[in-house]
Amino acid sequence: MNIPFLDLKAAYLELKAEIDEAILRVTNSGYYVLGPEVEQFEKDFAEYCGANYCIGVANGLDALTLSLRAMGVTQGDEVIVPSNTYIATLLAVSQCGAIPVPVEFNELTYNINPELIESAITDKTKVIIPVHLYGQPVDLDPILEIAEKYGLKVLEDAAQAHGSTYKGKKIGGHGHAVAWSFYPGKNLGALGDGGAITTNDKVLADQLRTLRNYGSAQKYINIEKGYNSRLDPIQAAILGVKLKHLNQWNARRQKIAEMYFLGLSGTNFILPEIIPEANSAWHLFVIRSKQRDKLQDYLQAHGIQSLIHYPIPPHAQCAYVTELSHLKGKLLLTENVSNEILSLPIGPHLSEESVSYIIDVLKGFS
(Lines give C-alpha, C1' and ligand atoms only; values in the text may rest on other atoms or scores of the structure.)
Protein backbone atom coordinates (compact mmCIF):
# COMPACT_ATOMS: atom_id res chain seq x y z
CA MET A 1 0.00 0.00 0.00
CA ASN A 2 1.21 3.50 -0.85
CA ILE A 3 -0.33 6.28 1.26
CA PRO A 4 0.66 9.90 0.55
CA PHE A 5 0.56 12.40 3.39
CA LEU A 6 -2.10 14.43 1.57
CA ASP A 7 -3.79 13.92 -1.79
CA LEU A 8 -4.45 17.41 -3.18
CA LYS A 9 -5.55 16.14 -6.58
CA ALA A 10 -8.34 14.09 -5.01
CA ALA A 11 -9.85 17.26 -3.56
CA TYR A 12 -9.89 18.85 -7.00
CA LEU A 13 -11.34 15.75 -8.69
CA GLU A 14 -14.18 15.57 -6.17
CA LEU A 15 -15.24 19.12 -7.02
CA LYS A 16 -13.91 19.27 -10.58
CA ALA A 17 -17.13 20.32 -12.29
CA GLU A 18 -17.81 23.11 -9.77
CA ILE A 19 -14.21 24.35 -9.73
CA ASP A 20 -13.86 24.33 -13.51
CA GLU A 21 -17.12 26.26 -13.82
CA ALA A 22 -15.91 28.82 -11.25
CA ILE A 23 -12.61 29.35 -13.08
CA LEU A 24 -14.42 29.77 -16.40
CA ARG A 25 -16.78 32.26 -14.79
CA VAL A 26 -13.81 34.43 -13.77
CA THR A 27 -12.08 34.23 -17.13
CA ASN A 28 -15.31 35.26 -18.86
CA SER A 29 -16.01 38.08 -16.43
CA GLY A 30 -13.20 40.47 -17.36
CA TYR A 31 -12.44 41.08 -13.65
CA TYR A 32 -8.92 39.79 -13.04
CA VAL A 33 -7.85 41.83 -9.98
CA LEU A 34 -10.20 41.99 -6.97
CA GLY A 35 -13.76 42.45 -8.27
CA PRO A 36 -17.02 40.58 -7.54
CA GLU A 37 -15.56 37.09 -6.99
CA VAL A 38 -13.24 38.37 -4.25
CA GLU A 39 -16.02 40.44 -2.71
CA GLN A 40 -18.38 37.46 -2.67
CA PHE A 41 -15.83 35.17 -1.08
CA GLU A 42 -14.95 37.81 1.51
CA LYS A 43 -18.64 38.09 2.40
CA ASP A 44 -19.13 34.32 2.58
CA PHE A 45 -15.97 33.62 4.58
CA ALA A 46 -16.71 36.41 7.06
CA GLU A 47 -20.17 34.94 7.57
CA TYR A 48 -18.72 31.45 7.97
CA CYS A 49 -16.27 32.67 10.64
CA GLY A 50 -18.84 34.81 12.44
CA ALA A 51 -16.87 37.97 11.72
CA ASN A 52 -18.08 41.31 10.39
CA TYR A 53 -15.35 41.77 7.79
CA CYS A 54 -12.96 39.74 5.64
CA ILE A 55 -10.11 41.20 3.60
CA GLY A 56 -8.57 38.93 0.98
CA VAL A 57 -4.79 39.15 0.52
CA ALA A 58 -2.10 37.36 -1.47
CA ASN A 59 -1.00 34.82 1.16
CA GLY A 60 -0.94 33.96 4.86
CA LEU A 61 2.34 35.75 5.58
CA ASP A 62 0.92 38.98 4.14
CA ALA A 63 -2.21 38.48 6.25
CA LEU A 64 -0.02 38.55 9.37
CA THR A 65 2.27 41.36 8.20
CA LEU A 66 -0.50 43.70 7.06
CA SER A 67 -2.44 43.07 10.27
CA LEU A 68 0.58 43.99 12.38
CA ARG A 69 1.12 47.10 10.26
CA ALA A 70 -2.52 48.08 10.71
CA MET A 71 -2.14 47.60 14.46
CA GLY A 72 0.70 50.11 14.49
CA VAL A 73 3.57 47.68 14.99
CA THR A 74 6.82 49.29 13.88
CA GLN A 75 10.59 49.40 14.38
CA GLY A 76 11.70 48.33 17.86
CA ASP A 77 8.29 47.09 19.06
CA GLU A 78 7.94 43.62 20.54
CA VAL A 79 5.37 40.99 19.57
CA ILE A 80 4.77 37.87 21.64
CA VAL A 81 4.68 34.67 19.54
CA PRO A 82 4.63 30.94 20.31
CA SER A 83 8.02 29.24 20.35
CA ASN A 84 6.42 26.30 18.53
CA THR A 85 5.11 27.52 15.19
CA TYR A 86 5.94 27.87 11.50
CA ILE A 87 8.53 30.57 10.86
CA ALA A 88 6.00 32.76 9.00
CA THR A 89 4.61 33.91 12.35
CA LEU A 90 7.98 35.39 13.25
CA LEU A 91 8.77 36.63 9.74
CA ALA A 92 5.70 38.85 9.80
CA VAL A 93 6.97 40.50 12.97
CA SER A 94 10.42 40.99 11.49
CA GLN A 95 9.00 42.49 8.30
CA CYS A 96 7.50 45.26 10.42
CA GLY A 97 10.88 45.95 12.00
CA ALA A 98 9.67 44.56 15.31
CA ILE A 99 11.17 41.90 17.58
CA PRO A 100 9.50 38.48 18.01
CA VAL A 101 9.43 37.28 21.61
CA PRO A 102 8.89 33.48 21.69
CA VAL A 103 6.93 32.00 24.59
CA GLU A 104 6.85 28.27 25.35
CA PHE A 105 3.73 26.16 24.80
CA ASN A 106 1.48 23.79 26.68
CA GLU A 107 3.03 20.35 26.22
CA LEU A 108 -0.36 18.65 25.82
CA THR A 109 -1.92 20.98 23.22
CA TYR A 110 1.26 22.40 21.58
CA ASN A 111 -0.32 25.87 21.72
CA ILE A 112 1.15 28.90 23.48
CA ASN A 113 0.85 28.66 27.26
CA PRO A 114 -1.25 31.62 28.50
CA GLU A 115 0.33 31.30 31.96
CA LEU A 116 3.73 32.28 30.53
CA ILE A 117 2.63 35.29 28.48
CA GLU A 118 2.40 37.94 31.18
CA SER A 119 6.00 37.53 32.28
CA ALA A 120 7.13 38.17 28.67
CA ILE A 121 5.38 41.54 28.41
CA THR A 122 7.49 44.71 28.49
CA ASP A 123 6.80 48.36 27.80
CA LYS A 124 7.71 47.61 24.15
CA THR A 125 5.08 44.90 23.68
CA LYS A 126 2.34 45.80 21.19
CA VAL A 127 0.68 42.57 20.08
CA ILE A 128 0.20 38.94 21.13
CA ILE A 129 0.01 36.35 18.32
CA PRO A 130 -1.49 33.05 19.47
CA VAL A 131 -1.32 30.33 16.80
CA HIS A 132 -4.05 27.71 16.53
CA LEU A 133 -1.45 25.09 15.75
CA TYR A 134 -2.41 21.89 13.93
CA GLY A 135 -6.02 23.16 13.91
CA GLN A 136 -6.29 22.96 17.69
CA PRO A 137 -7.77 26.19 19.11
CA VAL A 138 -5.78 28.16 21.65
CA ASP A 139 -7.39 28.88 25.02
CA LEU A 140 -8.22 32.44 23.99
CA ASP A 141 -10.06 33.96 26.95
CA PRO A 142 -7.02 34.20 29.27
CA ILE A 143 -5.00 35.74 26.43
CA LEU A 144 -7.70 38.31 25.65
CA GLU A 145 -7.87 39.19 29.34
CA ILE A 146 -4.10 39.74 29.50
CA ALA A 147 -4.26 41.87 26.35
CA GLU A 148 -6.99 44.04 27.80
CA LYS A 149 -5.09 44.42 31.08
CA TYR A 150 -1.98 45.73 29.29
CA GLY A 151 -3.66 47.53 26.39
CA LEU A 152 -2.37 45.09 23.76
CA LYS A 153 -3.83 43.76 20.52
CA VAL A 154 -4.43 40.08 19.81
CA LEU A 155 -3.75 38.82 16.28
CA GLU A 156 -4.70 35.17 15.89
CA ASP A 157 -2.73 33.07 13.41
CA ALA A 158 -5.40 30.71 12.12
CA ALA A 159 -3.51 29.39 9.10
CA GLN A 160 -4.34 25.82 10.18
CA ALA A 161 -7.72 26.36 11.87
CA HIS A 162 -10.38 26.71 9.16
CA GLY A 163 -13.58 25.52 10.84
CA SER A 164 -12.16 25.07 14.34
CA THR A 165 -14.36 26.30 17.19
CA TYR A 166 -13.71 27.79 20.62
CA LYS A 167 -16.53 27.82 23.19
CA GLY A 168 -19.10 27.11 20.50
CA LYS A 169 -17.95 29.87 18.15
CA LYS A 170 -15.87 29.40 15.03
CA ILE A 171 -12.35 30.77 15.04
CA GLY A 172 -12.35 34.02 13.11
CA GLY A 173 -13.95 36.64 15.32
CA HIS A 174 -12.58 36.31 18.85
CA GLY A 175 -9.48 38.52 18.78
CA HIS A 176 -8.89 41.94 17.25
CA ALA A 177 -7.93 40.30 13.94
CA VAL A 178 -7.42 36.78 12.60
CA ALA A 179 -4.93 35.93 9.85
CA TRP A 180 -5.65 33.08 7.43
CA SER A 181 -3.69 31.15 4.82
CA PHE A 182 -5.28 29.38 1.86
CA TYR A 183 -2.12 27.53 0.83
CA PRO A 184 -3.20 24.42 -1.14
CA GLY A 185 -2.56 22.01 1.73
CA LYS A 186 -4.80 23.84 4.21
CA ASN A 187 -8.26 22.59 5.21
CA LEU A 188 -9.58 25.38 2.97
CA GLY A 189 -6.93 25.53 0.29
CA ALA A 190 -6.71 27.35 -3.02
CA LEU A 191 -4.98 26.07 -6.16
CA GLY A 192 -2.12 28.43 -5.39
CA ASP A 193 -1.35 31.01 -2.72
CA GLY A 194 -3.99 33.06 -0.98
CA GLY A 195 -4.78 34.58 2.40
CA ALA A 196 -7.23 36.74 4.32
CA ILE A 197 -7.85 38.64 7.53
CA THR A 198 -11.13 38.54 9.44
CA THR A 199 -12.04 41.16 12.01
CA ASN A 200 -14.99 42.87 13.70
CA ASP A 201 -13.22 46.24 13.65
CA LYS A 202 -14.41 48.41 10.72
CA VAL A 203 -11.56 50.92 11.09
CA LEU A 204 -9.02 48.10 10.99
CA ALA A 205 -10.77 46.48 8.02
CA ASP A 206 -10.74 49.72 6.02
CA GLN A 207 -7.06 50.23 6.81
CA LEU A 208 -6.24 46.67 5.70
CA ARG A 209 -8.03 47.16 2.39
CA THR A 210 -5.91 50.26 1.83
CA LEU A 211 -2.66 48.55 2.85
CA ARG A 212 -3.22 45.57 0.52
CA ASN A 213 -3.72 47.92 -2.44
CA TYR A 214 -0.55 50.06 -2.55
CA GLY A 215 -1.79 52.11 0.39
CA SER A 216 -4.60 53.41 -1.78
CA ALA A 217 -8.32 53.57 -1.09
CA GLN A 218 -8.86 55.66 -4.23
CA LYS A 219 -6.98 55.06 -7.47
CA TYR A 220 -3.76 57.08 -7.76
CA ILE A 221 -4.20 58.54 -4.28
CA ASN A 222 -1.81 56.79 -1.89
CA ILE A 223 -2.29 57.71 1.75
CA GLU A 224 0.42 55.41 3.12
CA LYS A 225 3.21 53.08 2.00
CA GLY A 226 1.26 49.96 1.21
CA TYR A 227 1.67 46.57 -0.47
CA ASN A 228 0.50 44.80 -3.58
CA SER A 229 -1.23 41.94 -1.78
CA ARG A 230 -4.63 41.10 -3.22
CA LEU A 231 -6.45 37.77 -3.24
CA ASP A 232 -6.63 36.59 -6.86
CA PRO A 233 -10.22 36.36 -8.15
CA ILE A 234 -9.66 32.89 -9.64
CA GLN A 235 -8.46 31.66 -6.24
CA ALA A 236 -11.39 33.42 -4.56
CA ALA A 237 -13.83 31.62 -6.86
CA ILE A 238 -12.18 28.26 -6.13
CA LEU A 239 -12.23 28.95 -2.40
CA GLY A 240 -15.90 29.86 -2.65
CA VAL A 241 -16.61 26.41 -4.07
CA LYS A 242 -14.53 24.63 -1.44
CA LEU A 243 -16.01 26.65 1.42
CA LYS A 244 -19.37 24.97 0.81
CA HIS A 245 -17.70 21.59 1.47
CA LEU A 246 -15.41 22.61 4.34
CA ASN A 247 -17.61 21.35 7.18
CA GLN A 248 -18.05 18.01 5.43
CA TRP A 249 -14.31 17.66 4.83
CA ASN A 250 -13.56 18.60 8.43
CA ALA A 251 -16.03 15.94 9.58
CA ARG A 252 -14.01 13.38 7.60
CA ARG A 253 -10.87 14.58 9.35
CA GLN A 254 -12.65 14.26 12.70
CA LYS A 255 -13.58 10.65 11.90
CA ILE A 256 -9.95 9.84 11.06
CA ALA A 257 -8.76 11.47 14.28
CA GLU A 258 -11.25 9.37 16.25
CA MET A 259 -9.91 6.21 14.57
CA TYR A 260 -6.35 7.20 15.50
CA PHE A 261 -7.32 7.87 19.12
CA LEU A 262 -9.14 4.56 19.42
CA GLY A 263 -6.54 2.52 17.56
CA LEU A 264 -3.45 4.02 19.21
CA SER A 265 -4.79 4.21 22.75
CA GLY A 266 -2.53 2.29 25.11
CA THR A 267 0.50 2.46 22.84
CA ASN A 268 3.77 4.22 23.68
CA PHE A 269 2.98 7.12 21.34
CA ILE A 270 1.99 10.44 22.91
CA LEU A 271 -1.30 11.53 21.35
CA PRO A 272 -2.59 15.11 21.04
CA GLU A 273 -5.07 16.62 23.48
CA ILE A 274 -7.78 19.21 22.85
CA ILE A 275 -8.98 21.66 25.51
CA PRO A 276 -12.58 20.93 26.62
CA GLU A 277 -13.94 24.23 25.25
CA ALA A 278 -12.69 23.61 21.71
CA ASN A 279 -13.17 21.51 18.59
CA SER A 280 -10.18 21.01 16.33
CA ALA A 281 -10.36 21.19 12.54
CA TRP A 282 -7.66 18.48 12.58
CA HIS A 283 -5.44 20.08 10.02
CA LEU A 284 -2.73 17.78 11.39
CA PHE A 285 -2.68 14.74 13.66
CA VAL A 286 0.65 14.89 15.48
CA ILE A 287 2.02 12.12 17.66
CA ARG A 288 5.28 12.00 19.59
CA SER A 289 7.91 9.31 19.88
CA LYS A 290 11.39 9.25 21.40
CA GLN A 291 12.38 7.25 18.32
CA ARG A 292 10.80 9.66 15.83
CA ASP A 293 13.34 9.35 13.01
CA LYS A 294 13.37 5.57 13.23
CA LEU A 295 9.56 5.61 13.28
CA GLN A 296 9.36 7.79 10.19
CA ASP A 297 11.72 5.49 8.29
CA TYR A 298 9.65 2.50 9.43
CA LEU A 299 6.43 4.06 8.16
CA GLN A 300 8.05 4.97 4.85
CA ALA A 301 9.24 1.38 4.44
CA HIS A 302 5.59 0.34 4.74
CA GLY A 303 4.44 2.85 2.12
CA ILE A 304 3.19 5.52 4.55
CA GLN A 305 4.35 9.10 4.08
CA SER A 306 4.61 11.23 7.23
CA LEU A 307 5.93 14.76 7.79
CA ILE A 308 7.48 16.76 10.62
CA HIS A 309 5.83 20.02 11.62
CA TYR A 310 8.39 21.44 12.34
CA PRO A 311 11.89 19.92 12.52
CA ILE A 312 13.71 23.16 13.44
CA PRO A 313 12.13 25.71 15.83
CA PRO A 314 12.06 29.28 14.47
CA HIS A 315 14.55 30.60 17.05
CA ALA A 316 17.07 27.97 15.92
CA GLN A 317 16.76 28.74 12.21
CA CYS A 318 19.68 30.40 10.41
CA ALA A 319 17.40 33.35 9.66
CA TYR A 320 17.26 34.13 13.39
CA VAL A 321 20.66 32.84 14.46
CA THR A 322 21.81 36.33 15.48
CA GLU A 323 18.60 37.95 16.64
CA LEU A 324 17.39 35.05 18.81
CA SER A 325 20.67 33.23 19.49
CA HIS A 326 20.32 34.06 23.19
CA LEU A 327 17.32 31.70 23.34
CA LYS A 328 19.15 28.59 22.19
CA GLY A 329 19.12 26.10 25.02
CA LYS A 330 16.52 28.11 26.97
CA LEU A 331 13.38 27.03 25.14
CA LEU A 332 13.98 23.44 26.15
CA LEU A 333 10.44 22.18 25.71
CA THR A 334 10.35 23.48 22.14
CA GLU A 335 13.75 22.06 21.28
CA ASN A 336 13.03 18.66 22.83
CA VAL A 337 9.58 18.25 21.30
CA SER A 338 10.84 19.22 17.83
CA ASN A 339 12.85 15.99 17.92
CA GLU A 340 9.81 13.85 18.78
CA ILE A 341 6.84 15.12 16.75
CA LEU A 342 5.53 13.33 13.68
CA SER A 343 2.44 14.17 11.60
CA LEU A 344 0.34 11.28 10.34
CA PRO A 345 -1.85 11.39 7.21
CA ILE A 346 -5.29 12.86 7.97
CA GLY A 347 -6.53 14.40 4.71
CA PRO A 348 -10.27 14.30 4.01
CA HIS A 349 -9.75 11.91 1.09
CA LEU A 350 -7.90 9.30 3.13
CA SER A 351 -9.91 6.08 3.22
CA GLU A 352 -10.80 4.29 6.45
CA GLU A 353 -9.03 1.24 5.05
CA SER A 354 -5.82 3.27 4.78
CA VAL A 355 -6.24 4.61 8.32
CA SER A 356 -6.69 1.09 9.68
CA TYR A 357 -3.53 0.04 7.84
CA ILE A 358 -1.57 2.97 9.30
CA ILE A 359 -2.75 2.06 12.80
CA ASP A 360 -1.76 -1.59 12.35
CA VAL A 361 1.68 -0.59 11.07
CA LEU A 362 2.18 1.80 13.98
CA LYS A 363 1.25 -0.92 16.44
CA GLY A 364 3.96 -3.09 14.95
CA PHE A 365 6.67 -0.52 15.63
CA SER A 366 9.05 -1.25 18.48
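**Exercise 1.** In this predicted model, does E224 count as buried, partly exposed or exposed, at 26% relative accessibility? Then find its salt-bridge partner.

*Solution.* 
Step 1: Recall the cut-offs: buried is under 20% relative accessible area, exposed is over 50%, and partly exposed is in between.
Step 2: At 26%, E224 counts as partly exposed.
Step 3: Look for the partner. The side chain of E224 meets that of R69 in a salt bridge, 3.8 Å from N to O.
Step 4: R69 sits in helix α4, while E224 belongs to the loop between β11 (221–222) and α8 (233–243), and 155 residues separate the pair.
Step 5: Check R69 too: with a relative accessible area of 24%, R69 is partly exposed.

**Exercise 2.** Which residues of α4 are buried, and what is found at its start and just after it?

*Solution.* 
Step 1: Helix α4 covers residues 60–70, and nine of its 11 residues are buried.
Step 2: The buried ones are G60, D62, A63, L64, T65, L66, S67, L68 and A70.
Step 3: At the start of α4, a side-chain oxygen of N59 comes to within 3.2 Å of the backbone nitrogen of L61.
Step 4: Just after α4, G72 has a positive phi of about 85°.

**Exercise 3.** Where does the largest nonpolar core lie, and why?

*Solution.* 
Step 1: This core has 67 residues, and L68 and Y260 have the most contacts inside it.
Step 2: Domain 1 (8–240) and domain 2 (246–364) both contribute residues, so the core lies between them.
Step 3: Look around L68. Leaving aside neighbours within four places in sequence, its contacts include V73, V79, C96 and L155.
Step 4: Now view the domains themselves: 44 residues of domain 1 are in contact with 39 residues of domain 2.

**Exercise 4.** How far from E335 is the nearest side chain of opposite charge, and with which side chain does E335 make a polar contact?

*Solution.* 
Step 1: Find E335 in helix α11 (residues 332–337).
Step 2: E335 is buried, and K328, the nearest side chain of opposite charge, is 7.2 Å away.
Step 3: A salt bridge needs the nitrogen and oxygen within 4 Å, and E335 has none.
Step 4: The side chain of E335 does make a polar contact with the side chain of H315, at 2.8 Å.

Notes:
Residues numbered from 1 in each chain as written. Predicted model: local features only at pLDDT ≥ 70, side-chain atom pairs only at ≥ 80, totals over all residues. Heavy atoms only, no water. Helix = DSSP H or I, 4+ residues; strand = E, 2+ residues; numbered from the N terminus. Buried < 20%, exposed > 50% of the residue type's maximum accessible area, 1.4 Å probe, protein only. Lys, Arg positive; Asp, Glu negative; His and termini not counted. Polar contact = N/O pair within 3.5 Å; in protein donor to acceptor, adjacent residues only side chain to side chain. Core = buried A, V, L, I, M, F, W, Y, C linked by side-chain atoms within 4.5 Å. Domains from an automatic or database assignment. Contact = heavy atoms within 4.5 Å.
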